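Hi,

Here is the structure I promised to pass on.

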Amino acid sequence: MSQQGYVAAPPYSQAPPGMGGYQVGYAAGPAQPLYGHLGGAPHPFSAPAAGVMKPPGSTAAGMVPPPVSSQYNPNYQQNGSHQQSLFCTNTVSHGQPPHALPSSVASPGPPPTQQLTNQMSAMNLGNYGKHANNLACVCNKTFFLIFFTELQNKMLSLFTSFVVTMLISVMNIFNSSCLALPGQFGGMMPGPQAGMQGGFPGAMAGPPQKKLDPDAIPSTTQVIEDDKAKNGGQVYCTNIRGQVPPLVTTDFTVQDQGNASPRFIRCTTYTLPCTAELAKQCQVPLAAVVKPLANLPKNEAPLYAVNHGETGPIRCNRCKAYMCPYMQFIDGGRRYQCTFCNCVNEVPVFYFQHLDHMGRRVDFYERPELSLGSYEFVATLDYCKNNKPPNPPAFIFMIDVSYNNIKSGLVKLICDELKTLLEKLPREEGADCSAVKVGFVTYDKVLHFYNVKSALAQPQMMVVSDTTEMFVPLLDGFLVSYQDSKPVICNLLDQIPTMFADTAESETVFAPVIQAGVEAFKAAECSGKLFIFQSLMPTAEAPGKLKNRDDKKLVNTDKEKTLFQPQKGVYEQLCKDCVVQGCCVDLFLFPNQYLDLATMADVPSHTGGSVYKYNNFQMETDGEHFLADLRKSVQKHIGFDAIMRVRTSTGFRATDFFGAIHMNNTTDVEMAAVDCDKAVTVEFKHDDALSEESGALIQCALLYTNISGQRRLRVHNLSLNCSSQLSELYKSCETDSLINFFAKSAYRAILNQPLKNVREILVNQTAHMLACYRKNCASPSAASQLILPDAMKVFPVYMNSLMKTAPLVGSTELSTDDRAHQRLAVMAMGVEDTQLLLYPRLIPLHNMDVDSEVAPAPVRCSEERLTDSGLFLLENGHSMFLWIGQAASPDLIQGIFNLPSLSTLPDVDNPLSKKVRAIIRDLQNKRPNSMKLQIVRQKDKPEMLFRQLLVEDKGLHGGASYVDFLCYVHREIRQLLT
Amino acid sequence: MTTYQEFIQQNEDRDGVRFSWNLWPSSRLEATRLVVPVSCLFTPLKERPDLPPVQYEPVLCSRANCKAVLNPLCQVDFRAKVWACNFCFQRNPFPPSYAGISEVNQPAELMPQFSTIEYIVQRGPQTPLIFLYVVDTCLEEEDLQALKGSLQMSLSLLPPNALVGLITFGRMVQVHELSCEGIAKSYVFRGTKDLTSKQIQVGRREATRHPSLFLQPIHRVDMNLTDLLGELQRDPWPVPQGKRPLRSTGVALSVAVGLLEGTFPNTGARVMLFVGGPPTQGPGMVVGDELKIPIRSWHDIQKDNARHLKKATKFYEALGNRSAANGHSIDIYACALDQTGLLEMKCLSNLTGGHIVMGDSFNTSLFTQTFQGVFSKDHNGDFRMAFGGVLEIKTSRELKVCGAIGPCVSLNSKGPYVSENEMGIGGTNQWKMCSLTPSSTLGIYLEVVNQHNAPIPQGGRGAIQFVTQYQHSNTQKRIRVTTITRNWADAQSQIQHIESSFDQEAAAVLMARLGVFRAESEEGPDVLRWLDRQLIRLCQKFGQYNKEDPTSFRLSESLSLYPQFMFHLRRSPFLQVFNNSPDESSYYRHHFTRQDLTQSLIMIQPILYSYSFHGPPEPVLLDSSSILPDRILLMDTFFQLVIYNGETIAQWQKAGYQEMPEYQNFKQLLKAPQDDANDILETRFPMPRYINTEHGGSQARFLLSKVNPSQTHNNLYAWGQESGAPILTDDVSLQVFMDHLKKLAVSSSA
């Protein structure tokens, strides 16, 4: 079994006892084949069950995935009085098959056979048998997985009058044994439960081992496909309160009819619990992921800009909420009541309008702020710094010209690229040329500023060696319009690589470079973005000098958090300075070794910037990859000097914010810049009870300076339902947003707590959420059943994947910088990005229809889906792999590569190659970052990197497989329920 | 024997020395009773076109703490080939190269006419001269253009192998790299922060690694530098309303000094600072950038209300000392209508022998011509500047050195020649003069230490040797040795002789230098009182009078002018700060303490020439009575050159008589003083302010403030109408001054 060979053989899979114990505990021990059944009566194995018997590694293509519930239109839901749940179960004493249905099971009819995936499978934990001897106890597990969706279908047909409120996937897991888990989750498990063990007759007898059919457990790809099938290409109108939008992976068109598009705001749940007690009970986080400047597809209308002239936007006098569709006009239109704070305000004279018979203003449809969920106001001088209209933003390119970067050819690459890239600076729609000013700095131990004033015959270089107190040596001529100074700039860009060609400088500064940018913006009275290209840890004697503090010994100790914490001092202050000035920092790193990314990325990650990292940069392999990132970074839609405020209706409020942001107080989210890919996750807490009738409102206002230097206020409004029924809440949960919240909160938590605690909290909360559902929303059923709410049925796979991500997995194999990098990257991610990161796309390429327009459907991220003769593309938004099976046909390879060498993907003129490249190009365009295409062959060493991304499998650096995790969670749930 | 007048003149011409007393009292007690100390004005590099330098090393006395140079006063035994040092009496053998000497074949240094001799010696590598321009860019556009022009012009005046550098400053300080192709490079420093010694170290390392970056031979970077200067822009940082531009003079100088210090220590170099306003930020700040707070005045200083004064002065003094220690001199060319902080910055030039030039604008001939004057050449085509001068004084054992006043710093060389009694810069017998011109003159103060009861034998002579080592502008190392001698005289028996050996001009200047030196460090009125006291004592000592009878008071010829000099000195801007800004006072004092005797005397008592139809031009009394309607007056105060047309002349001129052919003579009369003025203008450095005015003109004040107010509004009628012009002043006139002096001199109680 290939998996066995892979997972067990490398020495690093042996986590030391007591450290990676969670994973080990899961996997360890020979499983006792136990079986059970579901649905009352034992049935012959239905067709899908055959899949179970297939040898692992066989293709999944032939299998019919279990139908899922999502065929039902959730919009149908009218009231959430109760859901139907039906489960048959058998709670069994150890290893005793089969069992009768408990009487409590509501299902009257016999389940149709083909829908019942009644399988008996045993996890073959013997894979890890070598650990078994180390363990004090023996674990036996048996899973019975049955999907009840079709069963429910059936029932619907039986009871047509029955209103189905919620569709549930039910997993009934027959767990006959104790899971002997050492207390790796913070000791919640006291240890092997010896008493239970005793009940295992023949536990060690080594009954035939079978494997749980992976197809039987909820599949992310399936959920995605189903949602695509249902909502793909549809128009989604935002006129309904508390409406759950299609998944982020689905292509759909949004029509703004009073609530912000899900592209701007997504919530973890669209129905809030009415009271804090309920919220506490279910432990489902109440959060919204706001991506205020998200790109809209071409077929959706861009936001309207409302201009109220000198008076500025109309706002509630008390809570300062902006005019929006939720405001209630009363008193014949002379006054309006703010729905956020209930304050009654006068309508300004110029804004007065009569009301119609419905009590709506007559100009309702003419005013975006009354009819749309998202719109912009043109800000008045009151909203500008020092009451002066802002200057257009500026981009400063700051290039490290020390030895490394010169030698690698990077400096030349950047300079050459800038000549064309600067032609394409972002500009206001309809503008002739970009208003963005550009400036250039090179540096090593000292900084070189360039005067590129258009009047000059040749550029002038100004060297500043005083790095302790950075300043900008020139005002006029540093930040210029590219169009005006083009000849001088080109002259400069031609000269820079040669000027430093024989440098021997191997030390650089860093903090002074950022400081210089801030000072430059300060002097020019504008905001803007710094593009810093650095290859070394700043070791030169200057403020912000860093030292190597990478200590692998700290991994898996309580001090591990220090690896993620930035060094205090200079950079902290620098963050503040940057944010005050609206100076965003994009950092491009080209390290050959540790460079304390946690500290270096501190400023970018607080100023709405991004960090790009190219380990061991080589021109041939990484050049294009880097340039693609640079182009995206320069050209993307961005706003500067932004401040965001999230207002809510009474009863709840925003309490916590996650993102590439800076918070000076508890309410204002300050961002030096915010671009189309940056999202802020906002957590809400109850203040008071919410009413089901009025629901809950969120207004997210972003004040920013746009690319042409205009001050704008962007307002996103969203209305949510409230319910005192938890089932309503579970019904309108969104897994992708939930996991975004969990990822960000966990990644923040690891700054302050040991990783172990964080992981434990994640699992606990997962278990708690599910247990609460089970307890309160699901019909009574046997404890051995794992019942997941439909909206959260793939939640465990994401959660498991999250815990296997580099920052959260304590492994000395992983580079500290990479872990820190990922941690920071995730903090700014939106829902799409976290979804993709935590569940990468695995696309089979070997058997696709080359004539089809669409890319092949992804398959589940598991090794078992790979075929030796196959060709797969895997991407997670950051890396992209082209995996070539050992037995891939030479024709296939020849068709794509046309060469014996498999290092790059050439242009080959045949349909297959074209199709493959088209798919890759399409993916590259969609993602915020460029991804380096790595070509790996099965069984080659680099395949390790590829395998790390197969999130359903056991993690290479620790972490359970999906199935193991489900078992564990289930056991936790059972614990909670008893 | 010729007259003392001739003797003095001859000595000055040959040795550049003027002594206050040409016969020396033979004991300490008597010397102090003479009031004016035994002292001299010494011009180390006095131009001697007739003196060819010799191309060998001087022969030195072998005694370790003597090392006097062989001179005509030494006793020589030609047969034994030994010579006796006339200072320490050590007998020294001649070096082998002198084997051929005999009574008829003497080396030049033994001949009496070579009491001053110049040696060219080989010491170390010859390094080219260095000129580092430090240019203020916070100027009006017009000024900056003019300055750029002057600087570009000056490049053609520099010797082709000279190293040049350029530092510009405004809000920031930029050090320009000179030999870069394609891109103009400069290093920028913040103008508010004094570079710590560590940063200078860094800069130094940088600079020593590529010394060529900032200082380049002019022939190589001529074009580059011309372009660079051409592209020089005004400081681009905006100056808000009501503010002064931010000018980082202090840091710019600090960088300049640091740069030279790091690259070329102990090499002849000039830092040339061009400023158009006061330093307004950073170390050395003289005034803040708020225009509503004016720059300090004497009034503020007296009230202790000048908040930046002490700090800035301290900063520039430290800088000046550093620069002096490395042998680099600093020139200040300050052109602005308001003050530029010369009071604080003067020490830079005073300590390093640099020039200070003060003008209204860079766009005036006063500046351009003065600046060209810096690069004037002598008859050999060499610049009239020398670098890295060290003056050492050796004296006979009856004399000791008290100190020197002039553009020099002490080298703190304690030795047997050094007196404990300090006058001026004392406590040493060696001084460094980083930059010298042929007219640089030091006042040297000596002390007779011989005790009264150990008389010097009749006919004994004292000797002083001045040894000046310097770097000639053609980069040669040279040593000029001047050995002078004077007779000792017993003051009791030979007081008349001593009196007649009094050089009142030299004495006046020497006393004035002492006064100015005191004024720089003490309060003004005290200095005046001290000067008065000295004058009274001198008159008491040498006047002939009957006690308590002022009318009987007489002074001999050799002292007759002295009180008049003192009268004008008391009124001069060197001691009076009234009506002068602190900058002006500093400027005047700077020049007073370095010019030779003639120029110094002009400064004390300006010269007044009168032109009329009655005869050839004649010098007239500097007195209001000389201001007559039908005369044209030419007054030279050194700093100003005033042509004053009398009332009638002015009317004639207005009527245009000079244009009429029949009044050619009037035209000539008008032209004559102008021609004379032009002669002065051409030779004078710095160029004086040229003022052409007339009776009743506002500029006439320059004349009226200088003349002796013998006629004022108070005594107008008493003095009659027909001659002179009354001066509206309460100042005492020379007559009143003399009356008081006589009264006090004859009074037994004073």
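First, a quick one for you: is Cys539(B) buried or exposed? Cys539(B) is buried, at a relative accessible area of 2%. Bear in mind that this is a predicted model.

While we're on cysteines, the disulfide count over all chains comes to 0. Take Cys282(A): the nearest cysteine sulfur belongs to Cys772(A) and sits 5.4 Å away, so with a cut-off of 2.5 Å there is no disulfide for Cys282(A). Cys282(A) is also buried, with 0% relative accessibility.

Now the inside. The largest nonpolar core has 199 residues, and the members touching the most others are Phe440(A) and Phe626(A). Helix α12 of chain B (residues 504-521) gives this core its largest share, 10 residues. Beyond its neighbours within four places in sequence, Phe626(A) contacts several aromatics, including Phe533(A), Phe588(A), Phe590(A), Tyr614(A) and Phe617(A), along with Leu410(A), Leu413(A) and Ile414(A). There is also a second, separate core of 127 residues, with Met398(A), Cys575(A), Ala598(A) and Val797(A) among its members.

On to the interface. Here 25 residues of chain A contact 18 residues of chain B. The two chains bury about 1900 Å² between them, 55% of it from carbon and sulfur atoms. Met461(A), Val463(A) and Phe471(A) account for 26% of what chain A buries against chain B, more than any other three residues.

Across the same interface, 10 residue pairs are in polar contact. Strand β17(A) gives the largest share of chain A's side, 5 residues.

Cheers

Notes: Residues are numbered from 1 along each chain as its sequence is written. Chains are lettered from A and ligands numbered from 1 in the order in which they are written. This is a predicted model: local features need pLDDT of at least 70, side-chain atom pairs count only at pLDDT 80 or more; totals for chains, interfaces and linings use all residues. Side-chain values use heavy atoms; hydrogens and water are left out. A nonpolar core is a set of buried Ala, Val, Leu, Ile, Met, Phe, Trp, Tyr and Cys residues joined through side-chain atoms within 4.5 Å. Buried means under 20% relative accessible area, exposed over 50%, partly exposed in between (1.4 Å probe, protein chains only). Helices (H or I, at least four residues) and strands (E, at least two) are DSSP runs, numbered from the N terminus. Contact means heavy atoms within 4.5 Å. Buried area is the accessible area (1.4 Å probe) that two parts lose on being put together, summed over both. A polar contact is a pair of N or O atoms within 3.5 Å; within protein, one must be able to donate a hydrogen and the other to accept it, and residues adjacent in sequence count only if both atoms are side-chain atoms.
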